[in-house]
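Me: I have a structure open and want to go through it with you. Can we start with the ligand and then move on to the chains?

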Amino acid sequence: MSDVPTRDADGMIIFRPKPSQPPPPNTTGVIGWLRFNLFNGIFSTLATLIGLAALVYVFLAFYDWAIVKGVWEAQNRQECRLGKEWGTCWAGVEFWFSGFIYGRYPAPEIWRINLAALILVLWMAPLWIPRVTAKSVIGLSAVLVFPFLAGYMFLGGERNLFMVAVVPVAMVWFAATMVHVLLCVLTGHGLGRWIIHLTGFSNRSDRAARYPLMAAAAVAWLLVLFAIRDWTLVEVGTNRWGGLFLTTVISGIGIASALPSGIVLALGRRSKMPIIRILCIGFIELFRSVPLITILFMATTMFPLFLPEGLVFNKLASAIVAVCLFAAAYMAETVRGGLQAIPKGQYEAAEAVGLGYWKVMGLIVLPQALKLMIPNIVGNFIGLFKDTTLVSIIGLYDLLGMVKAVSHDPQWIGLHHEPLFTAALIFFLACFAMSKYSQYLERKLGAGDRR
Amino acid sequence: MAIDTITEQEQLKSAVSDEVVVTMVSVNKWFGDFHVLKDIDLTVHKGERVVICGPSGSGKSTLIRCINRLEEHQRGDIVINGVVLDNNLKNIDTIRRDVGMVFQSFNLFPHLSVLENCTLAPIWVRNMSKREAEEVAMEYLTRVKIPEQAAKYPGQLSGGQQQRVAIARSLCMNPQIMLFDEPTSALDPEMISEVLDVMVELADTGMTMLCVTHEMGFAKRVADRVIFMDFGEIVEQNTPNEFFDNPQLDRTKLFLSQILAH
Ligand SMILES: Nc1ncnc2c1ncn2[C@@H]1O[C@H](COP(=O)(O)OP(=O)(O)OP(=O)(O)O)[C@@H](O)[C@H]1O
Ligand SMILES: [Mg+2]
């Protein structure tokens, strides 16, 4: 190499960056990584070996229990035991698996639960399709309209006047959502646009353009109302609901109601009006200082005392109310934490441009606060999902209740471990998925506006 | 050259009309026991540009924040554009629509793009259509010389750019009065001038401005009146020339010598 500097036409020395060189051996690549992270000195080597030994031990023990000793074909627990010495009775889990998912819901009617689940998935899925417009309407209706449809599909029976009106609303809404999504994906214009366009209202004022939409909705509603007037589903009492299905119903309603009611309570707690503030603080502190199990017992034993004689408030409804109240109180504190993280300058700037209280909250403060709170909110949801197992104690057969019921089945008497393991696995999969999704959401939403 | 400046200043001053837009009569305010504003009397005419200066803690921010009710005064009267500032929420709303404010720490909305920052209030407060609001916003973003940043988020801009967005955001509401609370104190030196340039241009359009600042060059250039505050009182006020060259009170003289020392 020559150290003589090169010069350009004006005699200035030309800067030449040094060429990059490969890193010293064994700091990168698999071996380097292993060396640096696992065998970096005596202590770390020892820790690695002990950790590995523990891992191998646990894995082998589990393998032996679950696979080597596993019995998949058996009519009862006795056969499991005899087939292999103290065999692990997966046959019992298999036999009961449908019960873990649907509880004691009559087998010929189970399609109703599956169909409702499918409808919910279809209803929510468009939220993740970029081309779809009016996502907030779709999302809100999935939370506010779908439950009535699902409620009827689960319960069945004669429809009362309210349900006669509401079930067709939900059906029309769902169908309209699906058509809207298809049109959005295929043509780039939503259902509303098409209706306005096809009825020739496209060059009228915004207000006038609403008429064909309302007319179309009304006609569709009447048609469906008429078409399904004689159609009923077999009634399935809530006492037969159970398993993961029941867990999902209870925690789903709890989760859907927790965020709005938590926001209202958190805002109330910061309100300038003393009565509202005291009421909110009282509610939050009361429900946060009492264990959920106590609230559940109170709900099932004490609600009926306050209600008029004839009105029967079933156990499931009481449990749902209890879970909702409990979840709201916890969510309120989470939301308050998020609200506190928003600097005072944001409120001031928003007020200074003339926004009133609700617009400051809805447009400036809550969007920022909720984004900050996503991990905590999802944490709350996960907690709630797991906490609903407590309803098994007041005699509802949720997933845990069903799992415990197996051991009372004469054929499978005393079978505890395998069903419990299965329930744990189901809970783990659901909660892990939620947690992962929240991390993804956090990253995605955080990408837009790094401060 | 000198003659040029004088005629320019004369022209600016002639823009000041007789119409009174801000009236404060013996306004008093306390934070707990601490008396922040003591018997403030202030009248600002339409088109007038007032610079407020004074040592830290003298109540400058509190004074201008009382004008749009970010702080509530406890005694005395404030009338803005003929509307009495009292506990009537409707009056407060009316006043806030007509009064824009620019903060020391920008306070842009970090979750909204620059354009959305500017269109938010016109859409939600003035009920403007989105398209119209965006047109207006682009016009003001062009005026503050950053139309090309419209799609970015505040976190992606430099301090000077953020403060110019903040000015544009206020202007989009088409305010009658603009309040500035030390708009350049959080900025690096090379960014101060880009913000001051925008403010000077705004002053040239005849906007009524109340500006807390220690930028004396700016005060000399555009102010019709300089107000000096200390201990919650208006100590002295005068035209910039008189104020800087011929202060009447010893306190003012000391303050001026301190800020001009470095
Ligand atoms: N919210 C508050 N509560 C209590 N005291 C306050 C509050 N805001 C301001 N003060 C006090 O009031 C006094 C005046 O504050 P103000 O912010 O108006 O001063 P300033 O002249 O703007 O000072 P600076 O140049 O530092 O911005 C200060 O002593 C400050 O500590
Ligand atoms: Mg200040």
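**Ligand and interface**

Reply: The residues of the shell around ligand 1 are four nonpolar, six polar and two charged. Here Ala, Val, Leu, Ile, Met, Phe, Trp, Tyr, Cys and Pro count as nonpolar, Asp, Glu, Lys and Arg as charged, and the others, Gly among them, as polar. This is a predicted model, where local features need pLDDT of at least 70, side-chain atom pairs count only at pLDDT 80 or more, and totals for chains, interfaces and linings use all residues. Residues are numbered from 1 along each chain as its sequence is written, chains are lettered from A and ligands numbered from 1 in the order in which they are written, and side-chain values use heavy atoms, with hydrogens and water left out.

Me: Which residues surround ligand 1?

Reply: Among them are Phe31(B), Phe34(B), Val36(B), Gly57(B), Lys60(B), Ser61(B) and Glu182(B). A residue belongs there if one of its heavy atoms lies within 4 Å of the ligand.

Me: Which element gives the most to that shell?

Reply: That is α2(B), with three residues. Both β2 (34-45) and α2 (60-67) of chain B supply at least two residues each. Helices (H or I, at least four residues) and strands (E, at least two) are DSSP runs, numbered from the N terminus.

Me: How far is an oxygen atom of ligand 1 from the side chain of Lys60(B)?

Reply: An N or O atom in the Lys60(B) side chain is 2.8 Å from an oxygen atom of ligand 1. For Ser61(B), a polar side-chain atom is 2.6 Å from a ligand oxygen. For Glu182(B), the distance is 3.1 Å. The protein buries 60% of the 630 Å² that ligand 1 exposes when taken alone. Such accessible areas come from the Shrake-Rupley method with a 1.4 Å probe.

Me: New topic. How many residues does the contact take from chain B and chain A?

Reply: It takes 21 residues from chain B and 21 residues from chain A, with contact meaning heavy atoms within 4.5 Å. About 1,900 Å² is buried between the two chains, and carbon and sulfur atoms give 62% of that. Buried area is the accessible area (1.4 Å probe) that two parts lose on being put together, summed over both. In chain B, Pro110(B), His111(B) and Trp124(B) lose the most area to chain A, together 29% of what that side buries.

Me: How many salt bridges are there across the interface?

Reply: Two are found between chain B and chain A. A salt bridge is a side-chain nitrogen of Lys or Arg within 4 Å of a carboxyl oxygen of Asp or Glu. Glu351(A) pairs this way with Arg96(B), at 3.7 Å between the closest N and O atoms.

Me: And over all chains?

Reply: The whole structure has 14 salt bridges. One of them joins Glu285(A) and Arg269(A), at 3.2 Å from N to O.

How values were computed: A polar contact is a pair of N or O atoms within 3.5 Å; within protein, one must be able to donate a hydrogen and the other to accept it, and residues adjacent in sequence count only if both atoms are side-chain atoms.
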